[in-house]
Amino acid sequence: MKSFGEESGQTLVLVAFSMVVLLGFAGFATDVGVMLHERRLVQTAADSAALAGASRVRFGSPAATAAALADASLNGFTNGSNGVTVTVNNPPMHEVENTGFATTAYVEVIIAENTPTYFMKVLGDSTFSVAARAVAGNAAPLNDCVYVLNQTSADAMDLEGSFDVSTPGCGVVVNSNSPSALNLGGKSGTLTAGSVAVVGGATGQLSDSVPAPVTGTAMADDPLAGLAAPEYDDQNVPCSATAPLSGTSTTLAQINANGGTLCYKIDGDITLNNVQLSPGVYVFDNPGHNLQFSGNVKGNDVTLYLLGGLATPTGAALDLTYLDATGAYPGIILFAGRTDSSQLSFSLGNATGVVTGIIYAPDSELFLQDSGSGSGGLSLTTDLIVNTLFDKTATLEIKSFTQTSGSNLSPLMHPVLVE
């Protein structure tokens, strides 16, 4: 009996010891499970914040940082709160797998937090640190390069005569819900695109579209809806001492923004005649009137901001490009104010030249007629974001600026995770 009692006591000790070990393992497993769960949450938040930041890099590093921090907060990780640290670097500061990612086109987000333990506290570890890192950039072009934004108009995109609209490799989007949102009215026209999507219906010679229009599609958002207008003083105070503030129509033969913003406010038409534009933003504030081109009009890395219409007379020779990634509006060659619905008209006759950059006119009609193909015509490397589009007997071949130029130049990119 004595021997049995001694063995019984030993068994009790062994069982008690085993229970402690088993509970320890259970507690450790619980804390590890919590840690892995929290790690997934932190990584998901870092990925989302990096994508949010990358979507705003075209508006500058402060905008990208603010977007990343706001997104992280929406996912429950607010910088400086509850032991959370959110670090945003634009460009990425830590070692990246591809050195091409170490530019301002990419955003790095690092989220770290201290998470309390449950069972490991008995071993003196009251918290454990969890961290995750993500890098994202605008590395993939949007699928579409022609957006017709009007939501109700008949013939919102109207192609007439012997039109030739070619956007190989990218799509055309027509947002109008009208039964005749897209009209193919030509007798020998051709619309060639990566895709043709129409919210409403399509009428006319549908066989002129390759591929055939897909109707009844979902409405697309304005991809540049967040693009802010240039800041300038339009209250009779000049942005430049050389800017005329009153009077009637004027002809400008020499203007120079010198990398900044130059404003012209006048109650009349403005004609650019044989002008070489320096890089910068040019504001033409003349509602109810037009900006016109005459002679040779050249400019590299320029954005023309219009609060009025555009009329291109016969014979103009254009050479307008935007190929600088560091300017105020990278890639935007023409920006028509959202408060003005004046027509932008390229009635070109025998005009020649090149326009390289995005035409953004969300509240304006873009009118194209007779590109003068017999004398070389006008070459467009652009993406169109317009309210309505009317192409009348024009040869219009569009190469997508976004797909041609790459992520550092065009705002029409969507962010992707790269690390």
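Modeller: On a 1 Å grid over the protein atoms alone, a pocket is an open set of points with protein on both sides within 12 Å along at least five of seven lines, and lining residues have an atom within 4 Å of a point. This is a predicted model, where local features need pLDDT of at least 70 and side-chain atom pairs count only at pLDDT 80 or more, while totals for chains, interfaces and linings use all residues. Residues are numbered from 1 along each chain as its sequence is written, and side-chain values use heavy atoms, without hydrogens and water.

The largest pocket has 22 lining residues. Val57, Arg58, Phe59, Ala325 and Pro330 lie nearest its centre. The space in this pocket is about 450 Å³; a volume is the space filled by probe spheres set on the points, with grid points joined across faces, edges and corners. The lining holds 11 nonpolar, 10 polar and 1 charged residues. Here Ala, Val, Leu, Ile, Met, Phe, Trp, Tyr, Cys and Pro count as nonpolar, Asp, Glu, Lys and Arg as charged, and the others, Gly among them, as polar.

A cavity is a set of points where a 1.4 Å probe fits but cannot get out. The whole structure has 3 cavities of 30 Å³ or more. The second largest cavity has a volume of about 60 Å³. Its lining is 9 nonpolar residues, with no polar and no charged ones. Among them are Phe293, Leu304, Leu318, Ile333 and Val355. Strands S16 (302-311), S17 (317-321) and S18 (332-336) each give at least two residues to this lining. Strands are DSSP runs (E, at least two residues), numbered from the N terminus.

Phe293 also belongs to the largest nonpolar core, which has 58 residues. Such a core is a set of buried Ala, Val, Leu, Ile, Met, Phe, Trp, Tyr and Cys residues joined through side-chain atoms within 4.5 Å. Buried means under 20% relative accessible area (1.4 Å probe, protein chains only). Ile255, Leu272, Phe284 and Phe293 touch the most other members. Strand S15 (residues 280-300) supplies the largest share of this core, 5 residues. Beyond its neighbours within four places in sequence, Phe284 is in contact (heavy atoms within 4.5 Å) with residues including Leu252, Ile255, Leu272, Leu304 and Gly308. Another core, of 22 residues, lies apart from the largest one and includes Ala50, Ala54, Val107 and Ala134.

Notes:
Helices (H or I, at least four residues) and strands (E, at least two) are DSSP runs, numbered from the N terminus. Buried means under 20% relative accessible area, exposed over 50%, partly exposed in between (1.4 Å probe, protein chains only).
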